[in-house]
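Please open the structure in a viewer and keep the sequence at hand.

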Amino acid sequence: MATGVSATTAQSAVLEVTEATFEREVLQRSQTTPVVIDFWAPWCGPCRVLGPTLERLAREAGGTWVLAKINVDENPRLAQMFRVQGIPAVKAVYQGKIVDEFTGALPESQVRAWLKRVVPDRNADLLAMAQALEATNPAEAIARYRLILGQDPKNETALFNLGRLLALRGDPEGIVTLKQVPASSSFSSRATAGLAIADLVNAPAEPAEGSEGLYRQAAAAVRAGDYATAIEHLLTIVGRDRALRDDGARKALLALFALLGDENPLVGPARRRLANLLF
C-alpha cells in the first residue's frame, strides 16, 4: 500500500509566514485546513529542537494540517497579537480561531498526542462512508478502506474491514489481510475466528448432490453477498449432517458470524437457532 507523500505536498506542508502573508496563509487557509503556528527565533535553542520535529510531522501528515513558521524577531506584531510570552510557542488555528496551544520543546510523543486532539480525523469520515457502502456497493467500500490504509497503514478498523470484505468475496487477499490484524487489536479475536471462512468461500462452484451441494450453494451465496441464504443452507446442514467436511457447516457459521459482527441483524437469530440445533 502506498504511503509516501509527494514532493509537492511535503513542500507545501511547511510555510514561512510573515505579516504580509499571514492573512492568506493562516487565517484563510485555516477555514478548511488546520494550521499549526510555530513561533520561533534563530537564537532559541529549544526552537531548534522542536522545529525539525514539527516540520517532519507536517510532511508526514500528507496535507491534513499545515505548519506555519513565524520568526518572532522579524514579525513582532504577530507575536504580540498572539500574546507570545516565550518561545517556542505553538498554536493550532482552525477556522480562524485558536483551538489549542503549548509552549516549550515537548518530546515527539507528546507533540503527536497533542496533534491528535487538534487535527480533525479525516479518516473518520472516510470510515463512515465505507461502512455505509458495504451493503449496497462492497467494491466501493473496499476501495475506500484501501484509501484509508494508504493514508494510515495502522488503522485497525480499516484493516479488519478490508480483510473481512475480501474474505467474504472469496479473494485470497482477504485471509492474508485478516492475518495482519495485530494481536493487541480489539478486532483480533474476530479476525482469527474469521479465518475459517476460507474453506467455505473456496468450495467449488460446480453443483453436487446432498449436503455437499447445499454447502456449495451456501458458498456461492456468501461470495454474492447473500448472507441470509447462506445462513439458511448452513443451518440446514448442521441439523442433518454434522459429519460433512468435519462439522464444516458449523465452523463456517461461526466464521461468518465473526466477520458479519453481532451488530448485523442476521447474526443474533442465527446464533440462537444454531444453539438450539447443537444443544
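Which residue of strand 3 does Val36 stand opposite? Select Val36 in this predicted model and look across to strand 3, where Leu67 stands opposite. The two strands concerned, strand 2 (residues 35–40) and strand 3 (residues 66–71), pair in the parallel sense over six bridges.

Five strands form an open sheet in the order 1-3-2-4-5, with mixed pairing. Strand 1 (14–16) and strand 5 (97–103) stand at the edges; each has a single partner strand, so one side of each is left without a neighbour in the sheet. On average, neighbouring strands are turned by 25° against each other, direction ignored.

Select residues 45–60 to show helix 3, which touches strand 1, strand 2, strand 3, strand 4 (89–94) and strand 5. The direction of helix 3 makes about 155° with that of strand 3. Then select residues 108–118: helix 5 also packs on the sheet, touching strand 2, strand 4 and strand 5. Its direction makes about 170° with that of strand 5.

**A loop residue**

Move to Thr33, in the loop between helix 2 (22–28) and strand 2. Is Thr33 buried or exposed? Its relative accessibility is 17%, below the 20% limit, and Thr33 therefore counts as buried. Leaving aside residues up to four places away in sequence, Thr33 touches Gly63, Thr64, Trp65, Val66, Val93 and Tyr94.

Select residues 210–223 to bring up helix 12. Helix 12 is mostly covered, with ten of its 14 residues buried. Among the buried residues are Glu212, Tyr215 and Arg216, together with Leu214 and Val222. Just after helix 12, select Gly225, which takes a positive phi of about 85°.

Keep helix 14 on display. Its 13 residues reach 18 Å from the first C-alpha to the last, close to the 18 Å expected at 1.5 Å a residue. Helix 14 is likewise described as mostly covered, ten of its 13 residues being buried; these include Gly248, Leu253 and Phe257. Gly261 follows helix 14 and has a positive phi, near 90°.

Now show helix 8 beside helix 14. Their axes come within 10 Å and cross at roughly 140°, which makes helix 8 oblique to helix 14. The crossing is left-handed. Select Phe160, Arg164 and Leu168 of helix 8, then Leu256, Ala258, Leu259 and Leu260 of helix 14, to display the residues that make the contact.

**Helix 13 and helix 15**

For the last stop, select helix 13 and helix 15 (residues 267–278), which pack at an angle of about 10° with their axes 10 Å apart. That angle makes helix 13 roughly parallel to helix 15. On the helix 13 side, the contact is made by Ile231, Glu232, Leu235, Val238 and Gly239. On the helix 15 side, select Ala270, Arg273, Leu274, Leu277 and Leu278.

Notes
Residues are numbered from 1 along each chain as its sequence is written. This is a predicted model: local features need pLDDT of at least 70, side-chain atom pairs count only at pLDDT 80 or more; totals for chains, interfaces and linings use all residues. Side-chain values use heavy atoms; hydrogens and water are left out. Helices (H or I, at least four residues) and strands (E, at least two) are DSSP runs, numbered from the N terminus. The expected span of a helix is 1.5 Å times one less than its number of residues. Buried means under 20% relative accessible area, exposed over 50%, partly exposed in between (1.4 Å probe, protein chains only). Two strands pair if DSSP finds at least two bridges between them. Axes are lines fitted to C-alpha atoms, for helices over the stretch in contact, and angles run from 0 to 180 degrees between N-to-C directions. Contact means heavy atoms within 4.5 Å. Angles under 35 degrees count as roughly parallel, over 145 as roughly antiparallel, 65 to 115 as roughly perpendicular and the rest as oblique. A crossing is left-handed if the near helix is turned anticlockwise from the far one by less than a right angle, and right-handed if clockwise.
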